[in-house]
Amino acid sequence: MTTRHDEGPVALSGRVVRLREFTLDDLDGVRGIVGDDRVTHFLSFNTRTDEQAHELLRMIVERARERPRSEYYLAITPLEPETPADRDKAVGFTRLHRTNEYSGRLVYAVAYDHQGRGYAGDAVRTVLDFAFTTLGLHRVTAAVGPDNRAGMALVKNLGFTREGVLRDHVHTNGAWRDSVLFSMLAPEWRTARET
Ligand SMILES: CC(C)(COP(=O)(O)OP(=O)(O)OC[C@H]1O[C@@H](n2cnc3c(N)ncnc32)[C@H](O)[C@@H]1OP(=O)(O)O)[C@@H](O)C(=O)NCCC(=O)NCCS
């Protein structure tokens with residue numbers, strides 16, 4: 001049975017990160033992610049100016065209130081921050097876009113200075129649990145650039161299946177870029193979780 005999570009704000013706990021709704025107070029965190037070429041190089045959009053980051057944050061907060069809800073753009077916050085200033089700070093995001101009743105598209109990113117600590121892997125694992133159990137999705141996809149070694153390692157580690165290449169999938173940094181499409185199905189996720 002499919003469950004719609006229309007009720008309240010989403011808050012999810014992983015092993016090393018917590019995922020929560022963005023608020024308008026997260027501008028610093030959001031700027032640190034989408035305002036950095038080293039991160040956006042691998043995403044489907046160009047680096048955002050401060051003003052654009054602010055507009056994006058406003059849209060995220062607004063869309064989170066829509067019902068039925070189709071976008072779950074969640075802030076990744078470290079459970080054990082390196083410094084007190086990082087307590088509850090949005091150091092990354094996962095974006096799950098529910099494209100129809102059964103399917104979702106996943107995007108994820110972590111601020112450059114916070115990469116390599118297992119945050120994204122834990123966040124994506126936690127969001128997949130949410131997608132397949134709470135939301136009752138059947139299929140979740142992730143499109144990763146062919147030269148994105150970290151992004152690719154992450155989905156492979158979690159057991160996603162490579163489906164193929166989406167040619168000229170995104171236009172970013174002035175050029176067309178292919179993506180490699182990966183997918184996870186609900187029964188596969190359940191099996192992976194049990195082993
Ligand atoms: C991809 C990304 C989210 C990974 O974030 P992270 O918090 O550093 O990820 P993790 O620490 O959980 O590591 C994930 C895996 O990537 C591997 N990895 C990390 N950096 C790597 C690199 N430069 N080259 C190869 N593998 C790398 C890690 O070793 C880990 O695999 P492991 O579990 O086998 O060790 C981050 O690099 C990022 O934000 N990139 C830009 C946005 C992006 O590419 N998003 C994905 C497309 S939607």
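Visitor: How many helices and strands are in the protein chain?
Guide: The protein chain has 6 helices and 8 strands. Both are DSSP runs numbered from the N terminus: H or I with at least four residues for helices, E with at least two for strands. By the way, this is a predicted model, where local features need pLDDT of at least 70, side-chain atom pairs count only at pLDDT 80 or more, and totals for chains, interfaces and linings use all residues. Residues are numbered from 1 along each chain as its sequence is written.

Visitor: And what pattern does the chain follow along the sequence?
Guide: Reading along, you get β-β-α-α-α-β-β-β-α-β-α-β-β-α.

Visitor: OK, new topic. How many residues surround the ligand?
Guide: 23 of them, and the closest are Phe-42, Gln-115, Ala-120, Gly-121 and Gly-151. A residue counts as near if its C-beta atom, placed from the backbone, lies within 6 Å of the molecule.

Visitor: Which element gives the most to that shell?
Guide: That's α5, with 6 residues. Elements supplying at least two residues each include β5 (103-110), α4 (119-134) and β6 (139-144).

Visitor: Last one: what share of the contacts is between residues 24 or more positions apart?
Guide: Such pairs account for 61% of the contacts with a separation of 6 or more.

Conventions. Two residues are in contact if their C-beta atoms, placed from the backbone, lie within 7 Å.
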